[in-house]
Amino acid sequence: MEAVSRAREAASWWAGLSFRERRDHLLNWKRVIAARSDELGDVIHEETGKPVGDALLEIMLAVEHLDWAARNAPRVLKRRRVRSGLLAADQGAAVEYRPLGVIGVIGPWNYPVYTPLGSISYALAAGNAVVFKPSEHTPRTGEWLAAAWAAISAKPVLQVITGDGAVGAQLVAAGVDKIAFTGSAATGRRVMAACAETLTPVVIEGGGKDAMIVAADADLDAAAKAAAFGGFGNAGQTCAGVERVYVERAVYPEFLAKLAAIAESVEPSEDGPYGRMTVATQVDIVRNHVDDALAKGGRAVVGGPESIKPPYVFPVVLAEVPEDSTAVTEETFGPTVVVNPVSSLDEAVSLANASRYGLAASIFSSDRGNSLKIARRLRTGAASINSVLGFAGVPALPFGGVGDSGFGRVHGADGLREFSRPQSVTWRRLKAPMDVMSLTRDPAVLDRAIRIFRLRHARGAANSASSKWPGHPGA
Ligand code: NAD
């Protein structure tokens with residue numbers, strides 16, 4: 001692929017720059033994006049249908065990450081000395097995070113700037129060139145970002161290729177050094193299988209079925225407001241949006257009433273609070289999930305199948321939906337939420353965790369200590385307490401999932417290292433006190449080394465399980 005060959009050349013120029021020079025380029029790029037954000041916001045709005053205000057919010061968040069990646073790459077990735085330890089006391093040791101080369105980034109359409117820049121900014125800051133294939137639904141947004149790069153540098157360190165999945169598949173097979181894929185778990189599986197052919201490493205940022213847990217001591221107004229924003233915002237097309245809510249039974253009716261009141265007041269439109277469904281086929285998935293929830297005995301508290309008025313979907317609040325309904329088990333990616341009562345927070349945690357997905361979750365409670373304990377029990381890559389998506393605007397925090405939500409991390413120091421190759425270097429600084437790494441070593445030196453080894457590592461073995469082995473002198 002021509003773009004990858006061009007990127008390979010640009011990558012060696014880019015990797016040869018100092019951290020400071022790379023940072024200056026990235027900050028120049030950032031300034032162009034920020035200064036012309038109205039223009040980019042319009043492109044996002046036209047391609048996705050999201051209100052311009054939401055598009056600008058997305059750009060603001062993305063630029064915050066770009067700024068962080070540019071400024072923090074030197075601190076995170078620079079050469080750092082490590083202790084060499086007793087066995088290798090004669091060696092000096094250091095680790096450094098080197099660029100991988102060319103990163104292929106494959107993006108989705110729902111946040112066509114924020115999501116791919118989560119990989120692109122960090123990959124560039126780590127010294128790599130990037131070939132980016134945006135979603136076929138948002139090609140102009142991708143092209144705009146590459147044009148903004150071209151405005152600050154003649155070197156094709158960031159290029160964009162457009163097209164559908166077939167072009168994505170070509171990029172995967174084009175000999176890049178890593179693929180950063182964001183999209184559905186189903187496509188992620190195909191991308192990973194293709195990467196396996198060439199042992200190309202891959203980051204998968206998959207979908208989600210995120211849960212919100214509402215404790216009996218929660219601020220219910222705040223929780224309902226957040227559930228509405230996390231569930232209906234961006235027409236529900238948010239990988240880490242709220243799709244399920246588990247509420248302690250004592251406050252269940254009150255919470256449901258508050259959420260219903262907000263949902264009833266929301267009317268999607270081009271200007272907000274959220275726009276049309278971006279992709280027509282997504283409407284059918286939403287309809288199927290709503291139908292399935294009702295057919296299985298769930299209750300529509302707000303809306304129902306009649307809320308689906310393509311290209312818009314009005315808010316749908318479903319209650320007491322059986323846990324085996326597709327509205328609970330599969331990613332809906334529409335402005336619908338399932339709200340189910342639970343008899344305890346333990347039950348909430350186990351239902352939240354009973355999902356193939358594990359991207360993020362939120363907890364509403366006035367007991368911060370207990371909320372932190374709950375967060376640690378959730379099988380997710382992130383959790384927000386008393387907010388939704390709180391982590392998205394904190395660039396220092398890594399982002400990524402478990403299970404069908406994928407693996408690997410973008411954002412933060414982990415995101416910079418994700419696009420780096422740790423290189424370990426040692427150098428001899430003394431004559432070895434006990435030189436055992438030699439074909440002509442003195443057996444007495446090896447004996448001494450073994451005695452020291454046992455003193456350091458085998459003391460106390462008589463009390464451990466190993467002494468119970470049959471045949472062991474202590475057994
Ligand atoms: P998708 O899986 O349909 O497509 C994603 C990208 O993959 C597109 O650019 C597409 O052209 C490309 N593609 C398709 N087939 C390919 C193939 N065989 N080889 C290589 N590339 C291929 O996803 P989508 O509908 O664009 O995005 C929505 C999904 O993305 C949702 O599941 C959402 O949850 C997820 N998402 C996840 C995150 C995250 O950070 N975890 C962020 C945003 C969206």
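The following questions and answers walk through a predicted model of a protein chain.

Student: What should I know about the model before I read any values from it?
Tutor: This is a predicted model, in which local features need pLDDT of at least 70 and side-chain atom pairs count only at pLDDT 80 or more, while totals for chains, interfaces and linings use all residues. Residues are numbered from 1 along each chain as its sequence is written, and side-chain values use heavy atoms, with hydrogens and water left out.

Student: At which residues does UniProt place the feature "active site", and what is the largest C-alpha distance?
Tutor: The feature comes from an unreviewed UniProt entry, which places it at Glu205 and Cys239; UniProt positions are given in the numbering used here, feature names are shortened, and annotations may be inferred rather than shown by experiment. Although these residues are spread over 35 residues of sequence, they cluster in space, with a largest C-alpha distance of 9.1 Å.

Student: Is Glu205 buried or exposed?
Tutor: Glu205 lies in strand β7, residues 202–205 (helices, H or I with at least four residues, and strands, E with at least two, are DSSP runs numbered from the N terminus). Residues in contact with Glu205, leaving aside neighbours within four places in sequence, include Phe181, Phe399 and Arg409, where contact means heavy atoms within 4.5 Å. Buried means under 20% relative accessible area, exposed over 50%, and partly exposed in between, with a 1.4 Å probe and protein chains only. Because its relative accessible area is 6%, Glu205 is buried.

Student: What is the relative accessible area of Cys239?
Tutor: Cys239 lies in the loop between α9 (220–232) and β9 (244–248). Not counting residues up to four places away in sequence, Cys239 touches several residues, among them Asn110, Asp210 and Glu331. Cys239 is buried, and its relative accessible area is 18%.

Student: Why are the buried residues of helix α7 said to be on the same side?
Tutor: The buried residues of α7, which spans residues 165–172, are Val167, Gly168, Leu171 and Val172. The arc is that of the directions from the helix axis to the C-beta atoms. They are on the same side of α7 because the arc that they cover around the axis is only 150°.

Student: How much area do domain 1 and domain 2 bury between them?
Tutor: The domain assignment gives domain 1 as 2–206 + 410–423 and domain 2 as 211–395, with bounds that come from an automatic or database domain assignment. In this pair, 21 residues of domain 1 are in contact with 21 residues of domain 2. Buried area is the accessible area (1.4 Å probe) that two parts lose on being put together, summed over both. Of the area buried between domain 1 and domain 2, 56% is on carbon and sulfur atoms, and the total is about 1700 Å².

Student: How far apart in space are Leu416 and Ser119?
Tutor: Leu416 is found in helix α15, residues 412–418, and counts as buried at 0% relative accessibility. Leu416 and Ser119 are 297 residues apart in sequence, yet their distance in space, C-alpha to C-alpha, is 8.9 Å.
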